[in-house]
Amino acid sequence: MMQSKTESYFYFQAQEHYKDLLRFTGPVNGQVGFTQLIKARVIDEAQKLKPEEKFASLVVDEMAIKPQCIYDSKLDCFFCAKSESIKTAREEYDNANRLLCFILYGLSTKYCIRCGYYFTKQLTAKELYAYTSSIIKDVEECSFVIVRVVTDNLAVNAAMFKEFGGGELKISIPHPCDPGRKLFFAFDQNHIVKNIRSLFLDKDMSNGQEIISGKYLRLLYRIKKK
């Protein structure tokens, strides 16, 4: 059955828009980490900024994903497997259940640039340390200056900071890319406040000598829920 002129027109337009999209995004081949596509984006963003605007925080965050694998017959590999365990179709694979993301936030200038991701499962501190170190190095090579690393206070993140500190939890260390500078570490204040709120909603706390009551917080919470 022949297409009508209208159908042919929309088909042509769709193909052209698809080509434009590919030219804009670049080819995607299933890479993880600091991919070539991410590198091109980071370099492009860096060129738009003044030197003093390139000082940034590297935010490390992990989110839950549905464990599943998608097989790409052209590349002969599975996606959504653990990043270090991506295998060919003939090998065993391990489903990831978390997505580890790295985001660059400007300090003096507002910007948010995704600069790396990995599929993970039961992530260890040494793995997280290796991933973070690699991203820091790659981003700094694109002329950004990472001043601090920020994450929430999960045990694996605290352990990762200890890896940077040689076994100790420190607020700063000599920068891996330039020992003349410091690299600072910070736990996300929003998560800390959220954890304190959750604890007070569940029970009162103690400083070892007296009870610290959360009754007013619980009252406010009930009022807000109405």
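Predicted model: local features only at pLDDT ≥ 70, side-chain atom pairs only at ≥ 80, totals over all residues.
Where in the chain does Y111 lie?

Y111 is placed in the loop that runs between β4, residues 98-106, and β5, residues 112-120. In sequence Y111 and E53 are 58 residues apart, and their C-alpha atoms are 9.7 Å apart in space. Not counting residues up to four places away in sequence, Y111 touches L49, E53, K54, F55, A56, L104, Y105, G106 and F144.

The protein chain has six helices and ten strands. Of its 226 residues, 32% are buried.

In soluble globular proteins, nonpolar side chains tend to be buried together. As for F102, its contacts beyond four places in sequence include L58, V59, V60, I113, C115, Y131 and I135.

A polar pair deserves mention next. S57, in strand β1, is buried, with a relative accessible area of 3%. The side chain of S57 makes a polar contact of 2.6 Å with the side chain of R148. Beyond its neighbours within four places in sequence, S57 is also in contact with I103, L104, Y105, L107 and V150.

What of the charged pairs? A search of the whole structure finds seven salt bridges, and I shall describe some of them. Side chains of opposite charge can pair when their charged atoms come close.

In one of these bridges, E45 and R41 meet at 2.9 Å, N to O. Because they are four residues apart in helix α2, about one helical turn separates them. E45 is buried, at 18% relative accessible area, whereas R41 is partly exposed, at 32%.

Another joins R98 and E62, with the closest N and O atoms 3.9 Å apart. This pair links distant parts of the chain, since R98 is in strand β4 and E62 in strand β1, 36 residues apart. R98 counts as partly exposed, at 26% relative accessibility.

A further bridge is formed by E140 and R181, whose closest N and O atoms are 2.7 Å apart. E140 lies in helix α3 and R181 in strand β8, so the pair ties together parts that are 41 residues apart in sequence. Here E140 is buried, with a relative accessible area of 14%, and R181 is partly exposed, with 25%.

Finally, I come to helix α6, residues 215-225, where L219 is found. L219 is partly exposed, with a relative accessible area of 42%. Together with Y216 and I223, L219 makes a nonpolar surface patch of about 340 Å². R218 lies in helix α6 as well, and a polar contact of 2.9 Å joins the side chains of R218 and D204. Among the other contacts of R218 are F200, L201, K203 and S213.

Technical notes. Residues numbered from 1 in each chain as written. Heavy atoms only, no water. Helix = DSSP H or I, 4+ residues; strand = E, 2+ residues; numbered from the N terminus. Contact = heavy atoms within 4.5 Å. Patch = residues over 30% accessible without salt bridge, like charges linked within 9 Å, V, L, I, M, F, W, Y side chains within 5 Å. Areas by Shrake-Rupley, 256 points an atom, 1.4 Å probe, with all protein chains shown as cover. Salt bridge = Lys/Arg side-chain N within 4 Å of Asp/Glu carboxyl O. Buried < 20%, exposed > 50% of the residue type's maximum accessible area, 1.4 Å probe, protein only. Polar contact = N/O pair within 3.5 Å; in protein donor to acceptor, adjacent residues only side chain to side chain.
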